[in-house]
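Have a look at the picture first, then read on.

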2 protein chains.
Amino acid sequence: MLKVALVQQRCSADVAANQAESESQIRRAAGEGAQLVVLQELHSGLYFCQTEDTGQFDLAEPLDGPSRHRFEDLARELDIVLVISLFEKRATGLYHNTALVMDADRGCAGYYRKMHIPDDPGYYEKFYFTPGDAGGELAGFTPIATRVGRLGVLVCWDQWYPEAARLMALAGADMLIYPTAIGWNPADEEAEKQRQLGAWQIVQRGHAVANGLPVIVSNRTGMEPSPDGEQIQFWGHSFVAGPQGELLAQAPADEPTLLLADIDLQRSEDVRRIWPFLRDRRIDAYGNIVRRFID
Amino acid sequence: MLKVALVQQRCSADVAANQAESESQIRRAAGEGAQLVVLQELHSGLYFCQTEDTGQFDLAEPLDGPSRHRFEDLARELDIVLVISLFEKRATGLYHNTALVMDADRGCAGYYRKMHIPDDPGYYEKFYFTPGDAGGELAGFTPIATRVGRLGVLVCWDQWYPEAARLMALAGADMLIYPTAIGWNPADEEAEKQRQLGAWQIVQRGHAVANGLPVIVSNRTGMEPSPDGEQIQFWGHSFVAGPQGELLAQAPADEPTLLLADIDLQRSEDVRRIWPFLRDRRIDAYGNIVRRFID
């Protein structure tokens, strides 16, 4: 059994306060026996992508910067595996949306640069983030080996792409992990809000089913205004699903939550025996997946 | 709006009676205004794959055989689009699990040979069916053009594969359609049964979300014994989901049902605008999808 904890946080513009709150929750999680703790996407500040503002690049820091060192030290002290999210400055004028994995006394075990970048009203991420490189044998989809297993860390918009989940599974991931920042447009009607929330959970629980592995999703909560008057009501609902897509734990919409769940890793072995989907993939017939559209 | 009807049937060994019941439900559906009617997998008989028995090959018929002609005539008479399922004899010793689409006065508009073939206790399909060819530009995943749209017809075990759904969507499918025969092992405990049913719906509703199109699934109902004493309790729950994975209609587990639903095809246009997943696919990084495993 693996005890995981997800930190669903409400953020402000005060980076020190946000990080102190993250640290407080991580300590609480470790006290509860969590072996793996997952923070939400861009947990150190407001979701700054609601507008396109070059001043926001001041928030970025290098892969080897203060956030990494703070949480690396914390993971070492608490003897846990910790997944954090970072607005990464890779070079002048080159930024990524990056997740880092701290593996207790090993320190930083690896990082993942978000491969799919959204761009929608209120989520102007293509302005800020360059998509992760497709380099190497694994073309950007590389599980990160830790003491609790090979973590298929992806980030937010990646969660809508079955290809990303599959590639992580094919590369040996034991679980999928999605730090996330997604919410409602308060102007939408209630039925549409529920469809969106439902779709978001269903597609990720579908990845769990299709790949026979657990899925861990940590999302932001709280209402965040933007300078132009728009706002996002982050919908929380951080969750953990087992390898049949079954919900193991789920947070509410509006409350900061430390969500704990026990994952039985043996279930993946059992489920992949009764449903051997990997056995029957038609790899001779999937070549068109790399086409934009078949027209 | 497109009115669809799914025929969830309980079958016996009496082919004439099964087909008469299908016809009766199809006529009823057309009377209710259905423009598209979908039958379940292998609706003309018992699910014969519970054992490996060469005698069962007597049940197969050619693509251009009596089942096709009967339902082709019916679709023409009722002026509907009709999806049927066939145990196809392609040549002596070569059989497929095939779906055919009848397009009203156009007759048979196309067929699809099941690409992913299961083989599990009680579902010995690899004994009976050769997987569909991966030939042609579309490598076996070819939507079938009809008066109600391009139908992404897949069959049962295909439903667990995100690749199949994606390839149909990339080839221009307006909706996905899965004739199905799946059920519970009566010996399983209730919680496991519910996880299996949930997983089956979630993964297909996930295809709807990931591809922004409706999904139509017609499943068998009823308990079917096999000669060796095993049995399958087909779990019904035929359903229709919209392009956000939202359930539009759902049949019960144990009752033969004519399930009607109205699909608003404009929703796919709207949903793909707010969630433009096709825009951001990392086709430069998906090449490993055609590998069996990355080891």
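## A pair of bridge partners

A:Leu86 has A:Thr98, in strand 4 of chain A, as its bridge partner. The strands meant here are DSSP runs of E with at least two residues, while helices are runs of H or I with at least four residues, and both are numbered from the N terminus. Strand 3 (residues 81–91) and strand 4 (residues 94–103) of chain A pair in the antiparallel sense, over 10 bridges. Two strands count as paired if DSSP finds at least two bridges between them.

Before going further, please note that this is a predicted model, in which local features need pLDDT of at least 70 and side-chain atom pairs count only at pLDDT 80 or more, while totals for chains, interfaces and linings use all residues. Residues are numbered from 1 along each chain as its sequence is written, and chains are lettered from A and ligands numbered from 1 in the order in which they are written.

## The sheet and its helices

Six strands make an open sheet with mixed pairing, in the order 5-4-3-2-1-15. Strand 5 (108–113) and strand 15 (257–263) of chain A are the edge strands, each pairing on one side only. From one strand to the next, the twist averages 30 degrees. Angles run from 0 to 180 degrees between N-to-C directions, and axes are lines fitted to C-alpha atoms, for helices over the stretch in contact.

Helix 1 (residues 15–31) of chain A packs on this sheet, where it touches strand 1 (2–8), strand 2 (36–39), strand 3 and strand 15 of chain A. The direction of helix 1 makes about 160 degrees with that of strand 1 of chain A. Residues are in contact if their C-beta atoms, placed from the backbone, lie within 7 Å. Helix 2 (residues 66–78) of chain A lies across strand 3, strand 4 and strand 5 of chain A, at about 165 degrees to strand 3.

## Where the two chains meet

How many residues of chain A are in contact with chain B? There are 47, and they meet 47 residues of chain B. Helix 4 (162–170) and helix 5 (190–211) of chain A are the elements that give two or more residues to this side of chain A. Helix 5 of chain A provides the largest share, 10 residues.

By class, the side of chain A that touches chain B has 27 nonpolar, nine polar and 11 charged residues. Here Ala, Val, Leu, Ile, Met, Phe, Trp, Tyr, Cys and Pro count as nonpolar, Asp, Glu, Lys and Arg as charged, and the others, Gly among them, as polar.

## Two leucines in loops

A:Leu42 sits in the loop between strand 2 and helix 2 of chain A. A:Leu42 has a positive phi of about 50 degrees, although it is not a glycine. Is A:Leu42 buried or exposed? A:Leu42 is buried, because 23 other C-beta atoms lie within 10 Å. The cut-offs are 20 or more other C-beta atoms within 10 Å for buried, 12 or fewer for exposed, and in between for partly exposed, with C-beta atoms placed from the backbone.

A:Leu265 is in the loop between strand 15 and helix 6 (266–274) of chain A. A:Leu265 counts as partly exposed because it has 15 C-beta neighbours inside 10 Å. A:Leu265 and A:Met1 are 264 residues apart in sequence, yet 6.2 Å apart in space, C-alpha to C-alpha. Not counting residues up to four places away in sequence, A:Leu265 touches A:Leu2, A:Gly149 and A:Asp174.

Conventions. Contact = placed C-beta atoms within 7 Å.
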